[in-house]
Amino acid sequence: MNRPITGELQALDRAHHLHPFTDFKALGEEGSRIVTHAEGVYIHDSEGNRILDGMAGLWCVNLGYGREELVEAATAQLRELPYYNNFFKTTHPPAVRLAEKLCQLAPEHVNRVFFTGSGSEANDTVLRMVRRYWALKGRPDKHIVIARENAYHGSTVAGMSLGGMAPMHGQGGPCVPGIEHVRQPYWFGEGRDQSPEAFGRACAQAIEDKILTLGEDNVAAFIAEPVQGAGGAIIPPESYWPAVKAVLAKYDILLVIDEVICGFGRLGEWFGSQHYGLEPDLMPIAKGLSSGYLPIGGVLVGDRVATTLIDDGGEFFHGFTYSGHPACAAVALKNLELMEAENIVERVRDDLGPYLASRWSELAEHPIVGEARSLGLVGALELVADQASGARFDKSLGAGSLCRDLCFANGLVMRSVGDTMIISPPLVITREQIDELVRLARQALDETARRLKNRTFE
Ligand code: PMP
């Protein structure tokens, strides 16, 4: 921690660094916060502030910061074999061991994994695999993937095309053809004129309607997250997934469950699909796989697709230089071993998840909160101008970003998606730290309400 570095680094940052998902000019004027080090669930910035990381970085630092075992796993592997690839009939021990471990943790019908460097690359791989699968089955017309509005599946061209975020589609298009979107099961935002159960069924019906419009012989797969993360921590009504499952089975359409956020304990199961009793054909993974210590992703491939690709496919012309990178794989393997040894998944399911739910739901009483929801260790607050009707604040007020900035200034990272506030803390958070998180969130809500009332936003 070295105070004088702030100005110097901010100037260099402004001069040379284009940040992801950022208005470059606006950030240049404001200056970046410089995060210098971290331990446990806390990050530290160059101004000496300690901040509770309620987002686990970008939903990924599941084991928390400063885990020496992960540092050692990386160091040992970098010494032994820093790089070799998995192309051309070669492999190395960490990739094989990690593949074995993942398939041991995955549902029974999943016995293969294809490694990538990120979640976006995993979803690019998904798109190619599902189309290849149907082509090999002699049904090349079955090529359209149905995804959801407001979904996030990555930032590569295929990832953003599968995603349903209109602002992303509006830049650098056209999108990859053969991808269609249906409504999301976002009850608070779009369904409050019905019961959650009826709304969940209506959203599943929208998938069936889309299949009928496109023709079932043209639809390859449906892709979705169990709980939508970046879209706003959207937990679907209980009726949604059983109804979706039935629709996909009726028309023989592959199910792709994006586990990039929900995988590795976030919802209190190894995979989010297990919480909802789903049997996905493909599961893109990343983030929590290595707790974010090194970049690695992949696609878990169910037997149905794997068997066809293996037996009938010949060479699959796809792969990345860093597919199964040895150091990343070694860190991911150690990460999974630590999660098992420390019973992280069970703790989230049986203790921390229910505890967060009880504390988080108290925030629903706050005058500017219309709904407080959580599942496992992901949660959201809907900011509203009027609790009774659920009416939103005027968009021009920027209530969500105001609340996020106040959180940050007050020692908590909470993310805003429009006027939805989100948390997704490291899975090693303690009950006391959950208390601290809720206390800091409440303070930020109080201050947000005060400033919105007095119209003082600076
Ligand atoms: N899928 C989901 C559900 C995600 O949340 C993300 C990243 N936020 C991705 C895919 C893309 O992952 P990456 O940023 O590693 O490419």
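Colleague: Among contacts in the protein between residues at least 6 apart in sequence, what percentage join residues at least 24 apart?

Modeller: Two residues are in contact if their C-beta atoms, placed from the backbone, lie within 7 Å. Among contacts between residues at least 6 apart in sequence, 71% join residues at least 24 apart. Please note that this is a predicted model: local features need pLDDT of at least 70, side-chain atom pairs count only at pLDDT 80 or more, and totals for chains, interfaces and linings use all residues. Residues are numbered from 1 along each chain as its sequence is written.

Colleague: How many helices and strands are in the protein?

Modeller: Helices (H or I, at least four residues) and strands (E, at least two) are DSSP runs, numbered from the N terminus. The protein has 17 helices and 15 strands. Its radius of gyration is 22 Å, close to the 23 Å that the globule rule gives for 458 residues, so the protein is as compact as a globular protein of that length. The radius is taken over C-alpha atoms, and the rule is 2.2 Å times the number of residues to the power 0.38. Along its principal axes the C-alpha trace spans about 65 × 60 × 45 Å.

Colleague: What percentage of the 458 residues count as buried?

Modeller: A residue is buried if 20 or more other C-beta atoms lie within 10 Å of its own, exposed if 12 or fewer, and partly exposed in between; C-beta atoms are placed from the backbone. Of the 458 residues, 48% count as buried.

Colleague: Which residues of strand 8 are buried on each side?

Modeller: In a regular strand the side chains alternate between the two faces of the sheet. In strand 8 (residues 254-257) both faces are covered, with L254 and V256 buried on one side and L255 and I257 buried on the other.

Colleague: How many bridges join strand 7 to strand 8, and do they run parallel or antiparallel?

Modeller: Strands of a sheet pair through backbone hydrogen bonds, either parallel or antiparallel. Two strands are said to pair if DSSP finds at least two bridges between them. Strand 7 (residues 219-224) is joined to strand 8 by 4 bridges, and the two run parallel. I223 has V256 in strand 8 as its bridge partner. Together with helix 11 (residues 240-251), strands 7 and 8 make a right-handed β-α-β unit. A crossover is right-handed if, with the strands pointing away from the viewer, the path from the first strand over the helix to the second runs clockwise.

Colleague: In what order do the 4 strands of the open sheet lie?

Modeller: The order is 1-2-3-13, and the pairing is mixed. Strand 1 (35-39) and strand 13 are the edge strands, each pairing on one side only. Strand 2 (residues 42-45) and strand 3 (residues 50-53) pair in the antiparallel sense over 3 bridges, and H44 stands opposite R50 in strand 3.

Colleague: Which residues of helix 16 are buried?

Modeller: An α-helix has 3.6 residues a turn, so residues three or four places apart point the same way. In helix 16 (residues 399-409), the buried residues are A399, G400, L402, C403, R404, L406 and C407. They pack against several elements, among them strand 12 (378-383) and helix 17 (431-454). Just after helix 16, G411 takes a positive phi of about 95°.

Colleague: Why does F21 count as exposed, and why does A233 count as buried?

Modeller: F21 is exposed because 8 other C-beta atoms lie within 10 Å. A233 is buried because 24 other C-beta atoms lie within 10 Å.

Colleague: How many residues surround the ligand?

Modeller: A residue is near a molecule if its C-beta atom, placed from the backbone, lies within 6 Å of it. The ligand is surrounded by 16 residues, the closest being S118, G119, S120, G154 and V260. Helix 6 (residues 119-136) gives the largest share of this shell, 3 residues.
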